[in-house]
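I opened a notebook page for this model and wrote down what I looked up, one topic at a time. The entries follow the order in which I worked.

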Amino acid sequence: MIMKKPFLMMLVLMVLSIAPAHGSPHARLFLDGVAAYSSGEYKSAVSAFETLAGKGVKNGELFYNLGNACLKDNRIGPALLWYERAMTLIPDDPDLKFNYDYALTLTKDEKKETENPIVRIMFFWKYQLSYKTIQWTAIALNALLWILVSVMIIMKKRPVRTPVLMLVAVAVVFTFTALYNYYEASNTQYAVVLPDRISVRSGLSVEATELFVLHAGTKIRIEKEHQAHFRIRYTKDKIGWIAKSDVGVI
Amino acid sequence: MRHLIFSLLILLCLPAPSFAQTVRAIVDRNQVNPGETVSLRVVIDGGSGQVNTTGIKDFKVLSQGTSSKTQFINGRTTRELIYNFALIPLKEGSLTIPALPVEIDDAVFYTQKISIKVTDALQDDTGPGDVFVSARVSDQQPFEGQQIQYIFRFHNAVEVANAQFQKPDFKGFESQELKDRHSFRNIIKGREYVVTELVFILIPDGPGKKTIDPAVLHCGIVQTSNDRGSPFSGMDTFFNRRQVRNRMFRTTPIPVDVRPLPLKKDADFSGLVGTFDILANMDSNALSVGDSATLTVTVKGKGNIRDAGPPAILLPEGLKTYTDNPEEAIQIGREGFYGKKVFRTAIVPVNPGEFVIPGIRLTYFDIETKAYATKKTPPFTITVRPSTETEKDLDVYRADKAGPDVFKKEVAFTGRDILPLKEDLRALETDPPLTLWSFILYLLLPLLGYGGIILFYRSREKDSNPSSIMARRAKKAISKARKANFSNDVSLSLLYKALVASILSKAGVMGEAITWSEAEKQLLACGCAAETARSCAMLLETIESCNYSGGCLDHRAYADLLKKTEQMVKELCR
């Protein structure tokens, strides 16, 4: 009997130590956001999800949820911004594609293709796969290639040309695509218009001539930055200056 | 005096500058829609000045620069300075541009007050202006189920750009737009218009008073150079610059009173409204028990043909039926839906005898006569012979599939919404892509591994090579000989061993001993220079002699022998 008590205590302590936690703060906040969304409190849902994103959680599904909450809250600009951010992480998610396409129908400006459609077809994997997938595919193919060559040399067999060449070609393609993605990420920035309507001007001041108008949700390319302004490009012939606060950088 | 008069005459002949200074404010229009801009020009005649627009509270003021105009007319010089502004209304209603103060040479002049009406009451189809829209329906009192046309027309007598059409919701109607949009020219009150026509076929859901909301058209009206006061406006065409003024046009709502169908419906009313006909055909009238014949019933006409269901076929006992899926050949035209539906039924007699299939009735509501009408096919008589086969299960024969391609309806959205949230806690995992240097490192790791494997493999190969093994032995022996006592016999053995190992290493063979003559031959055989082979053989003979003769070497002689052996080993093991 005396022996049983300490044994029981130890057992209880063991159980408690392996019992699952009730949820980290992030998990609680996330679930609060989901509950708020379900009950129609979209502003609260946006706030909860944005807090998580602000704390450094970088996840395509979280960004998708933010896009949904903003869209339900009738904020097209922020919704599309979050969808665009999610697209960089999970571009092949069908739910995201559906909601993104739907959100695009709510924008007022005609969507202009910023890239050549032939390029999009020829390099389809760049647009279908996430950055991470391309990187790891390149690494895996490289590793496979070198392992294969090593094995063949050790076994004193001449490498069979066609399969090895094909593997080399695919590995090179994915490696260069991954490297190009790095280059593009550091040299090209896109943004999404946030307010319902903004004026794109010829200069930095409010008095400068209004060149054209853009509406919420329109995707633009940032060409240059100067103090509190961006020089942006919408199409080849539509370039101008806007305030940084009017857009969200993807 | 004459000088004075002459001077006065000269002065009079000179062009007299105009010193009259007036200011005026001009707008391009007095009525705008919310979101549109008003162009304001403040013209200062005869001087330059500063315009103060701070008093304008009902608009957001955007400066668009200044321009000036100088004219010489009948010896008079007039000069105008024009300030251009774009005004964006901040609210709807009756707004005011107050009298604007203009400071000219320490004096203040005022423009006149201008009223601007900002209203959502758009230009509607009361036309005709340069551009107007109209809409009508073919029948404002249709019957329930009757198809009517909604015809929208866009008239423009001037060039327009970026036209965007927003169709009405058509609440209470099923609608389908005709894909072909029709354009033609029309003259109205002496002006020629290009008319673009869009037609929708509408079918009311049920009876009652309904209203078709206005259709809206957004477009930009291209402004010609006559519209602008700039002296350089004529150059705009040359430089292909056009100003486009965005406008919105809306039709008036159209009330439609959908009448219910008359109460006294026929008992077998098919639900069809329009003009229809029914045909029937049997492919065989003489059968045996168990054989099948196909009864083909075709309902055709115009109206809500898509809603046509299989007509009731009253069959006598003794006949089994198997119904096939109906085939449709339905099109849509300016008058609405038209076409046919074909219903095939396989009839299999189970008993012999004569059977009469009564005529098949189709009762529909005729739009033209505004009354129910019934069409009927003639009856069919089938003669069934007894079967020659023993009774067995009847095979089911499906009616032949034949006929034109089926007209499929496009699946359209009936509502739009987004897909739900992702509620899995996986959404909290942060797994960002690799940094550039991490990526390069991971790429290089397999390459380094490959290099390591190859080096290891090659070194192993080298180790198993007889030449390498013997070279290592030679170096080891010479190293020991260097350390050994010169007067010790072991040291001469070591020298011998080192030299023999180096000779065999050069030859690429394993071994322990070799004579001096064999050594020379081996070295010559593996391409060594004759002089080197000879020197090596002589050195070997000397070492052998010293070693086996037992003679004591002095220190100097041993050192010399050691040095020569080292040189020879180095040369042969290179």
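**Ground rules.** I am working with a predicted model, in which local features need pLDDT of at least 70 and side-chain atom pairs count only at pLDDT 80 or more, while totals for chains, interfaces and linings use all residues. Residues are numbered from 1 along each chain as its sequence is written, chains are lettered from A and ligands numbered from 1 in the order in which they are written, and side-chain values use heavy atoms, with hydrogens and water left out.

**Chain B overall.** I looked up the secondary structure and found eight helices and 31 strands in chain B (DSSP runs numbered from the N terminus, helices being H or I with at least four residues and strands E with at least two). Of the 574 residues in chain B, 38% are buried (buried is under 20% relative accessible area, exposed over 50%, partly exposed in between, with a 1.4 Å probe and protein chains only). I also noted that, among contacts in chain B with a separation of 6 or more, 71% come from residues 24 or more positions apart (a contact is heavy atoms within 4.5 Å).

**Cores.** I then asked which residues have the most contacts inside the largest nonpolar core (a set of buried Ala, Val, Leu, Ile, Met, Phe, Trp, Tyr and Cys residues joined through side-chain atoms within 4.5 Å). This core has 38 residues, and the ones in question are Phe30(A), Phe49(A), Leu62(A), Phe63(A), Leu71(A), Tyr83(A) and Leu96(A). Two or more residues come from each of H2, H3, helix H4 (60–72), helix H5 (76–89) and helix H6 (94–105) of chain A, and H5(A) gives the most, with nine residues. A second, separate core of 33 residues includes Leu494(B), Ala501(B), Ile514(B) and Val569(B). Returning to Tyr83(A), and leaving aside its neighbours within four places in sequence, I found that its contacts include Leu71(A), Leu96(A) and, in chain B, Ile418(B).

**Rings.** The count of aromatic pairs over all chains is 21 (ring centres of Phe, Tyr and Trp, the last by its six-membered ring, within 6.5 Å; planes under 30 degrees apart are stacked, over 60 edge-to-face and the rest tilted). I took Phe30(A) and Phe49(A) as one example: their ring centres are 5.7 Å apart with planes at 50°, so the pair is tilted. Phe30(A) lies in helix H2 (residues 25–38) and Phe49(A) in helix H3 (residues 42–54) of chain A, so the pair ties together parts that are 19 residues apart in sequence. Both Phe30(A) and Phe49(A) are buried. For Phe276(B) and Tyr364(B) the centres are 5.6 Å apart and the planes at 75°, so this pair is edge-to-face. I also recorded the charged end of Arg306(B) over the ring of Phe337(B), 3.9 Å from its centre (NZ of Lys or CZ of Arg within 6 Å of the ring centre and within 35 degrees of the ring normal).

**Interface.** How many residues does each chain bring to the contact? Chain B brings 34 residues and chain A 46 residues. The area buried between them is about 4,000 Å², of which carbon and sulfur atoms give 67% (accessible area, 1.4 Å probe, that two parts lose on being put together, summed over both). On the chain B side, Ile418(B), Leu421(B) and Lys422(B) lose the most area, together 19% of what that side buries.

**Salt bridges.** Four salt bridges cross this interface (a side-chain nitrogen of Lys or Arg within 4 Å of a carboxyl oxygen of Asp or Glu). Lys72(A) pairs with Asp417(B), the closest N and O atoms being 3.0 Å apart, and Asp95(A) pairs with Lys422(B) at 3.4 Å. Lys422(B) counts as buried at 12% relative accessibility, whereas Asp95(A) is partly exposed at 25%.

**Backbone.** Asp105(B) has a positive phi near 50°, and Asp106(B) has one of about 65° although it is not a glycine. Asp105(B) is exposed at 63% relative accessibility, and Asp106(B) is exposed at 77%.
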